[in-house]
Amino acid sequence: MSATTAVNRGAAVALTLLFASLLLAVSAAAVPGNDDCLACHDDAGLTASDGRSVTVAQKTFADSIHGSMACTDCHADLASAEFPHAEKLAPVDCASCHADAVAVYGKGVHAEARQAGNTAAARCIDCHGVHDIRSSADKTSPTYALNLPNLCGKCHGDAKIIKAGGIKIGDVFAKYHDSIHGKALEKSGLLVSAKCTDCHGNHEIRRRTDSQSGVFRANVPATCGKCHGGIQALYASGIHGAKLAAGDPKVPVCTDCHTAHEIRRTDADAWKLDVLAECGSCHVQSLATYRDTFHGQVTKLGFTRVASCADCHRAHDIYPQSDPRSSVSPALRAATCRKCHPAAGTSFAGYDPHADKRDAQRNPPLYWTARFMQLLLAGVFVFFGLHTSLWFQRLLRKDKPAPKKKAGE
């Protein structure tokens, strides 16, 4: 190859590279920058044809977590659009950056509801905002811990949305607001208090009937145990926790006694009285016999300064009476009684707090004594009823004039 040909080819390559560089520069110059977009959208009065505001305040966007990004990073269809651009833009795909979060959102109840046609179900922008998105660590962010209940309450405290979405549990925001968790967060500012996302998750919120949900019945102790680890360990060691681990779905879990959203203080009198009925929903016979005792009669009158279920059996680490760890086992029963009765001994602890006057096999003396008292009471009422009836008839005849005697009598 001659030197002239080589020079010509080199010149051609150089011209090609220069032309390509010019094309790239022109192409880059054609992509609108943020200043181009904000030249219009920073106008506070800018609206679309349907009247909705399309203003994007420059400072608001700059202060957001996306402030360092270009508008076209999200609105990719504007990268090559002519200005003024079309009013309707392509939907922003959050998955282009947040693929993992969008993927787990797609498995949740909100995505399921939207696929079923419920347009009120939460999307990314409903929780995070649009151009004013901030980190969840930012105190002005709607996803900041102190603001989170109000964020979820926008939907779960709205009667119309609750009805439209068929949410059977109702207004959970009001219940949480009055609960011990809600008061600790909203009134005391305790960021460690349980919030919606601590139990339900943030993006992958599933139905409580879903076995992978944090509020699925079998998963509730582990969910509560994220904060109440010591209580979870006690529960797991007891008979209820053991049966749950064995697959029994009927045993009580945290929400059965404490409820899910309106959790109250356990030292409140109202809760102490209500939880008796909760224990009795499974232990029907035990509650009935408890009500026959002095303790049961006092609690029925509304007083709580007497022994109730948890005082004797404990609250979380409950064991069968035959288990030596049980607080009502023969070896520990006297110590349990002494919590209220300091002088209690073995004989005192032999008292049967669930004596059943209707069970002849369990308590023969009590059964026959109760039958005798019932017969005696019935006999007294029959005798005195008959006596009163005869006496009443005598009173009616007392004031009647004696019959006149006929002549010759």
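The legends below describe close-up views of a predicted model. Local features need pLDDT of at least 70 and side-chain atom pairs count only at pLDDT 80 or more, while totals for chains, interfaces and linings use all residues. Residues are numbered from 1 along each chain as its sequence is written, and side-chain values use heavy atoms, with hydrogens and water left out.

**View 1. The largest nonpolar core.** V220, Y235, L244, V251 and V253 make up this core of 5 residues. A nonpolar core is a set of buried Ala, Val, Leu, Ile, Met, Phe, Trp, Tyr and Cys residues joined through side-chain atoms within 4.5 Å. Buried means under 20% relative accessible area, exposed over 50%, and partly exposed in between (1.4 Å probe, protein chains only). Leaving aside neighbours within four places in sequence, V220 is in contact (heavy atoms within 4.5 Å) with G214, V215, V253, C254 and T255.

**View 2. Helix 17 against helix 18.** Helices (H or I, at least four residues) are DSSP runs, numbered from the N terminus. The axes of helix 17 (residues 269–280) and helix 18 (residues 284–291) come within 7 Å and cross at roughly 135 degrees. Helix 17 is therefore oblique to helix 18; angles under 35 degrees count as roughly parallel, over 145 as roughly antiparallel, 65 to 115 as roughly perpendicular and the rest as oblique. Axes are lines fitted to C-alpha atoms, for helices over the stretch in contact, and angles run from 0 to 180 degrees between N-to-C directions. Helix 17 contributes L276, A277 and G280 to the contact, and helix 18 contributes V284, L287, Y290 and R291.

View 3. The structure holds 0 disulfides, a disulfide being a pair of cysteine sulfur atoms within 2.5 Å. The closest cysteine sulfur to that of C74 is in C97, at 6.4 Å, too far for a bond. C74 is partly exposed, at 32% relative accessible area. C224 is also in no disulfide, and the nearest cysteine sulfur, that of C254, is 3.8 Å away. The relative accessible area of C224 is 27%, making C224 partly exposed.

**View 4. The cis peptide bond at P84.** F83 and P84 are joined by a cis peptide bond, with omega about 0 degrees. P84 sits in the loop between helix 4 (71–74) and helix 5 (99–105).

View 5. T259, a residue other than glycine, has a positive phi near 65 degrees. The loop between helix 16 (254–258) and helix 17 holds T259, which is partly exposed at 30% relative accessible area. R314 is not a glycine either, yet has a positive phi of about 70 degrees. R314 lies in the loop between helix 20 (309–313) and helix 21 (333–337) and is partly exposed, at 27%.

Notes
Helices (H or I, at least four residues) and strands (E, at least two) are DSSP runs, numbered from the N terminus.
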